[in-house]
Amino acid sequence: MADEAAVRAQAEAVRRLKQDKADPDEIAKEVAKLLEMKAQLGVDEGKHKFVLKTPKGTRDYSPKQMAIRERVFNAIITCFKRHGAEVIDTPVFELKETLTGKYGEDSKLIYDLKDQGGELLSLRYDLTVPFARYLAMNKITNIKRYHIAKVYRRDNPAMTRGRYREFYQCDFDIAGQFDPMIPDAECLKIVHEILSDLQLGDFLIKVNDRRILDGMFAVCGVPDSKFRTICSSVDKLDKVPWEEVKSEMVGEKGLSPEAADYIGEYVQLHGGLDLIERLLQDPKLSQNKLAKEGLGDMKLLFEYLTLFGITGQASEEKIRTTETQVLVASAQKKLLEERLKLISELWNAGIKAEVLYKKNPKLLNQLQYCEDTGIPLVAIVGEQELKDGVVKLRVVATREEVNIRRENLVEEIRMRTNQP
């Protein structure tokens, strides 16, 4: 086996033969010997040692790993077929102009290919845009299809967290015009069936509606021209804390700190049907046409999901760390004194009660606090309730609201919390 010193010595011998104008056959013989030694060493002039490895952001899969993948794909495909889906396939590369401008800021992650004869091509970034091209090209208006294939993203890979440049997507889409939320509910049912079948443990399915997000941006004072770029920042909340997202929106994207804080109050809320009900009562959001439409459809979606029996992660019972029976809340501003008066009455009567330590907390945030901590009741004081001598008592679990005479409130709270 040749080593680097032997290769250098042979190279020097060839140089001397050429310098001395030796017999061409002898030179050719020594050159061939030099090339063979270099091949053995795995080096070439001016290059580093050749290393066998997969490209950055990719990996090989062993027979055992492929057996697992095959089982997973079989479970997914079986579910797709159970719901009546057809299968299609599309080229791994598309015309560059088909993909350009479809992914916003992520367009920079598309792999472009060299011109191979007049067509500018790119590797597909996902399966959605090729599907849209397939529908338009073939004039298809209705189809329920699935597509399982590799996609490519020129991202910074984090392979320890499963982030690759080459990976599979399993797409299921119902294309066409239908009554609202029925196909959407079936898609979520499919996700639930697959994740349950794979026995991956507990999981949470998150849903959204772009109209709610756009309406929220509008009421928070985000300029129309910044909707998409601010949206891409909000999308990062699953990966980074709110303070980092806010810093990006203000420092890099020029949003006012006030608007960012307003957005933060909304996007940090979480829940299911209970949150939708609360947002529908939000004074500003409920006045925005887009948001109201989105919330209405989302409420309908959850009604269908309840019929499908898959709304149990949103209503999971909280593990309580306190015994608080009621939160004293206010529906309008400048009612701190009234909240403090009421909670004092409740404490003096032996009721376990809390109040948020803010002068003018938003009702949404007060209700969210009850959801997070498991407080069963909310006693709401408002200008009208004060005039009428009543307190609005809200049952957090059912969202039922009743007006209770102030003098009867302590007894009502005791009765509803089964505490003497």
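So, how many bridges join strand S8 to strand S9, and which way do the two run? What we have up here is a predicted model.

Okay, the sheet. Strands in a sheet pair through backbone hydrogen bonds, and that pairing can be parallel or antiparallel. Ours is an open sheet of five strands, and if you walk across, the order goes S7, S6, S8, S9, S10, with mixed pairing. At the edges sit S7, residues 353-354, and S10, residues 401-405, each pairing on one side only.

Back to my opening question: four bridges join S8, residues 377-381, to S9, residues 390-395, and the two strands run antiparallel. If you want one to look for, find Val-378, whose bridge partner in S9 is Arg-394.

H13, residues 336-348, lies across S6, S7, S8 and S9, at about 160° to S6. H14, residues 363-373, lies across S6, S7, S8 and S9 too, running at about 175° to S6.

Last stop: a helix pair. We describe two packed helices by the angle and the distance between their axes. For H7, residues 210-219, and H8, residues 227-234, the axes come within 11 Å and cross at roughly 110°. Because angles of 65 to 115 degrees count as roughly perpendicular, that's what we call H7 relative to H8. The crossing is right-handed.

Who's touching whom? From H7, it's Arg-210, Leu-213, Asp-214, Phe-217 and Ala-218; from H8, it's Phe-227, Arg-228, Ile-230, Cys-231 and Val-234. Sort those contact residues and you get seven nonpolar, three charged and no polar.

Technical notes. Residues numbered from 1 in each chain as written. Predicted model: local features only at pLDDT ≥ 70, side-chain atom pairs only at ≥ 80, totals over all residues. Heavy atoms only, no water. Axes fitted to C-alpha atoms, helices over the stretch in contact; angles between N-to-C directions. Parallel < 35°, antiparallel > 145°, perpendicular 65-115°, else oblique. Left-handed = near helix turned anticlockwise from the far one by under 90°. Contact = heavy atoms within 4.5 Å. Nonpolar A, V, L, I, M, F, W, Y, C, P; charged D, E, K, R; others polar. Pairing = 2+ DSSP bridges.
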